[in-house]
Amino acid sequence: MPSAGYSITVRVAVPADASAVGRLTTAVGEAGAIISALDIVDSTTENILVDISADTADGEHANQVTAALRALEGVEVRKVSDRTFLLHLGGKLEVTPKVALRNRDELSRAYTPGVARICLAIAENPDDARRLTIKRNTVAVVTDGSAVLGLGNIGPAAALPVMEGKAALFKRFAGVDAWPVVLDTQDTDEIVRIVKAIAPAYGGINLEDIAAPRCFEIEDRLRHELDIPVFHDDQHGTAIVVLAALTNALRVVKKDLSAVRIVVSGAGAAGTAIMKLLLAQGVGDIVACDRNGALHKDMPGLNESMQWLAENTNASGYVGDVRGAVRGADVFIGVSAPNILDEDDIAAMADDSIVFALANPDPEVDPVAARRHAAVVATGRSDQPNQINNVLAFPGVFRGLLDAQARDWTTPMALAAATAIADAVGPDKVNPTVIVPSVFDSSVAPAVAAAIREAATA
């Protein structure tokens with residue numbers, strides 16, 4: 001499907017006749033693209049210079065759209081620009097001072113000699129760093145590039161654009177100053193050592209796109225060894241938004257969390273965190289599945305995390321694949337791989353079923369087919385209703401953690417954040433296509449931050 005992520009702008013010269021612009025738009029539409037803007041940038045008595053911006057499905061589709069324009073009689077394609085690459089030129093972040101340095105007087109307070117007084121105050125009372133430095137409002141977004149989006153282990157440099165984007169979202173939605181920290185190592189001990197070494201400058205650590213199962217150990221060790229909260233967004237951010245969405249989905253179908261049977265496909269970082277949070281909230285029954293089928297107590301070769309899931313889920317001892325597990329289930333949550341289920345599988349679920357197919361960009365089941373049988377369907381895609389997006393959680397979470405000067409991240413905080421997100425929709429707005437608020441809803445981050453502050457105080 002066409003997406004803004006593959007948006008192009010094509011500059012073309014066309015004859016100055018009444019039908020020229022219409023022929024351009026027709027050609028782009030027939031090529032399957034969606035026009036988002038059309039601007040006449042220059043003209044003469046004989047020619048018009050036109051910029052056409054359009055969303056395409058991928059790079060090859062963009063080439064096909066350009067070829068369709070070139071094939072028109074009298075049309076000259078001057079330039080083709082990939083709008084996503086243009087947006088990233090030079091990166092997406094900059095550093096801007098909060099204080100003016102207009103004269104010697106201001107310089108003497110912001111820097112030497114005045115700054116020495118601040119240094120000595122912090123040396124005497126290290127906690128003053130939270131009040132007198134950027135530590136008060138700054139988060140490190142840390143990755144080793146081992147599990148970036150759905151792209152896999154592409155390394156730290158290639159992960160940097162994602163971390164820049166994450167930092168921009170922190171600022172846009174919660175006023176938090178975040179900075180990418182991309183590490184050229186995938187050694188667990190070294191990552192822990194580096195993060196501990198840089199921690200004095202930050203009020204929180206956001207771990208991002210680190211592969212399982214190493215991410216579990218890294219987070220656990222840092223949480224025990226640092227005096228600032230450590231939050232792995234792929235785990236906790238996803239789990240919070242899934243619980244919020246499920247809370248409202250269950251309101252739609254009038255079922256209780258304690259009574260439903262849930263099948264989760266994917267026992268990595270996100271899946272494990274989702275299941276642990278659902279269990280903490282009192283879910284009735286969960287069956288955890290990975291590529292080898294449902295996890296159960298007698299299953300050989302399980303790592304520590306999967307062994308925990310095997311011992312705390314699948315109460316009936318089901319042995320089999322995910323397609324068998326979803327038969328009669330009330331809820332399916334996928335954080336795994338594309339197209340592992342089909343329409344018949346969704347039809348075999350319980351009445352008024354709920355399907356969260358969150359693999360990106362291609363979900364575990366076609367959402368259009370799933371809607372023929374499920375009462376509520378959600379995906380991770382922005383072009384589908386009910387997008388499960390971590391941006392609903394992490395900005396408000398860190399805003400609250402920083403405001404509370406919290407030293408740890410806890411399960412009660414996660415539950416409070418999920419409740420705040422679910423309640424942000426409002427009982428008069430919840431329906432099968434609206435179970436989470438918009439990512440641009442300005443009330444969400446403050447509500448989450450308030451819930452985190454209250455939980456931190458408690």
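The largest cavity is lined by Arg130, Lys135, Arg136, Gly203, Leu401, Leu402, Gln405 and Ala406, a cavity being a set of points on a 1 Å grid over the protein atoms alone where a 1.4 Å probe fits but cannot get out, and lining residues having an atom within 4 Å of a point. The model is predicted: local features need pLDDT of at least 70 and side-chain atom pairs count only at pLDDT 80 or more, whereas totals for chains, interfaces and linings use all residues. Residues are numbered from 1 along each chain as its sequence is written, and side-chain values use heavy atoms, with hydrogens and water left out. The largest cavity holds about 50 Å³ of space, and a search of the whole structure finds one cavity of 30 Å³ or more.

His236 lies in helix α10 (residues 233-253), helices being DSSP runs (H or I, at least four residues) and strands likewise (E, at least two), numbered from the N terminus. With a relative accessibility of 14%, His236 counts as buried (under 20% relative accessible area, 1.4 Å probe, protein chains only). Beyond four places in sequence, His236 is in contact (heavy atoms within 4.5 Å) with Glu219, Phe231, Ala273 and Trp409.

In helix α12 (residues 304-312), the buried residues are Ser305, Met306, Leu309 and Ala310. Viewed down the axis of α12, these fall within an arc of 140° and so line one face of the helix, the arc being that of the directions from the helix axis to the C-beta atoms. Their cover includes α9 (214-225), α11 (269-281) and β10 (285-290). Asn314, whose phi is positive, near 55°, follows α12.

Key. Buried < 20%, exposed > 50% of the residue type's maximum accessible area, 1.4 Å probe, protein only. 1 Å grid on protein atoms, 1.4 Å probe; cavity = no way out; pocket = protein on both sides within 12 Å on 5 of 7 lines; lining within 4 Å. Points joined across faces, edges and corners; volume = space filled by probe spheres on them.
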